[in-house]
Amino acid sequence: MPQTPSSVMRTYARQPVSFTRGDGARLWDDEGKEYLDGIAGIAVTSLGHCHPEVARVVAEQAGTLMHTSNVFRIAWQEQLGERLCAVANMEKAFFCNSGAEANEAALKIARLHGHGKGVSLPQIMVMDNAFHGRTLATLSATDNPSKKVGFDPLMPGFVRVPYDDIAAVKEAARHTPGIVAVLIEPVQGEGGIRMASANYLKALRAICDEQGWLLMLDEIQCGMGRTGAWFAHQHAGIVPDVMTVAKALGNGFPIGACLARGVAADLFSPGLHGTTFGGNPLACHVGYTVLEVMAREKMPQRAAALGQRLLAGLQEALSAHPNVVAIRGAGLMLGIEMNCPCADLVGRALHEQRLLITVTRDTIIRLLPAMVCTEAQIDDIVARIARLLFSRPPEQSAAASIPI
């Protein structure tokens, strides 16, 4: 199979494998070979591939009603909004089709908030090493120079500070006029599984309250139970003003949401924002079902327990490896930092160990297994990673996995 068919734009460095079937944490390719999925579609299929309840709802709703447009009330959108806001301790939801769209909505809310306060050129504080998407606005908020090449001029209105550094936030507050909001990932996924401390998030909440800024949390990758709580910021005991979710909300069906509370919840009015497909009956029925299953099966708690098992297993198995710098994570969101570029490990893991992994920021192996993994499958991931890393050192490669 060619790496990229001639009819498809070359936007991905694809592996020469095509999967045709999935079940839980397992995948099969077009030659019938079985693989263990250690990334869940980049934190998407948290309930596993082809979850029977999700599959049933997709079929039933597709055969009943898929789309009407947001000109009309959509019952499943209203039910999902109520359920999601209750879990997240938020008040209102805007539904869209992806994480980048959810972040676009958040950025527009921030600007509306600024203009409402009389700020003519509102600034949004963002973080070093951040990833928020690939639209022009979210790319402008992102801190990855290699992804920005060729897309200048990017959007103005962003102030960047070091991650998990409250002194830098206070310094920016003193010397940068026009700041109206802070956008941050509680756990940087594409940034290498880097976690903001609980004390930092609490201090950031306090500063936003003092300054009248909106605290906006990007929980697209780290939310929906992945870190062992419904949302990663809940470990710190704070509540944001705006939060974005996507990925695992649809377990593979495209859906995103921007949630808000307080003043941020009422800034949009008819005509200021919208979407054609977002919040359609099919996507929202799927999202509601995902929430139902996660709550019933206590998936956040399961992610916490399985994540501790995975972390402990990797720490023991790789303790003597000369290239491993650190192993860190929360729940089923883990990173293995190497002391050299290791993007070649993605292909090697696939072909030598039949294991799906990604490498981000050139030197960090990222693991995002499904929450439905068994303990045996978690142990198997550890064993395959150990065999992969001890078989031979990584080859320094310029190719890296693509952030999604």
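Reader: What makes the reach of helix H12, from its first C-alpha to its last, close to the one expected?

Author: Helix H12 (residues 375-391) has 17 residues and reaches 24 Å, against 24 Å expected at 1.5 Å a residue. The expected span is 1.5 Å times one less than the number of residues, so the two values can be set side by side. The model is predicted: local features need pLDDT of at least 70, side-chain atom pairs count only at pLDDT 80 or more, and totals for chains, interfaces and linings use all residues. Residues are numbered from 1 along each chain as its sequence is written, and side-chain values use heavy atoms, with hydrogens and water left out.

Reader: Which residues of H12 are called buried?

Author: Among them are Ile378, Ile381, Ile385 and Leu389. Buried means under 20% relative accessible area, exposed over 50%, and partly exposed in between (1.4 Å probe, protein chains only), so each of these residues lies under 20%.

Reader: What makes E13 and E16 edge strands?

Author: The open sheet has the order E13-E14-E17-E16, with antiparallel pairing. E13 and E16 (358-360) each pair on one side only. Neighbouring strands here are turned by 25 degrees against each other on average, direction ignored. H12 packs on this sheet, touching E13, E14 and E17, and its direction makes about 160 degrees with that of E17. Contact means heavy atoms within 4.5 Å. Axes are lines fitted to C-alpha atoms, for helices over the stretch in contact, and angles run from 0 to 180 degrees between N-to-C directions.

Reader: What is the pairing in the sheet E1-E2-E3-E15?

Author: The pairing in this open sheet of 4 strands is mixed. E3 (residues 34-37) and E15 run parallel, joined by 2 bridges, and Asp37 stands opposite Leu356 in E15. H12 packs on this sheet as well, touching E2 (26-29), E3 and E15, and its direction makes about 100 degrees with that of E3.

Technical notes
Pairing = 2+ DSSP bridges.
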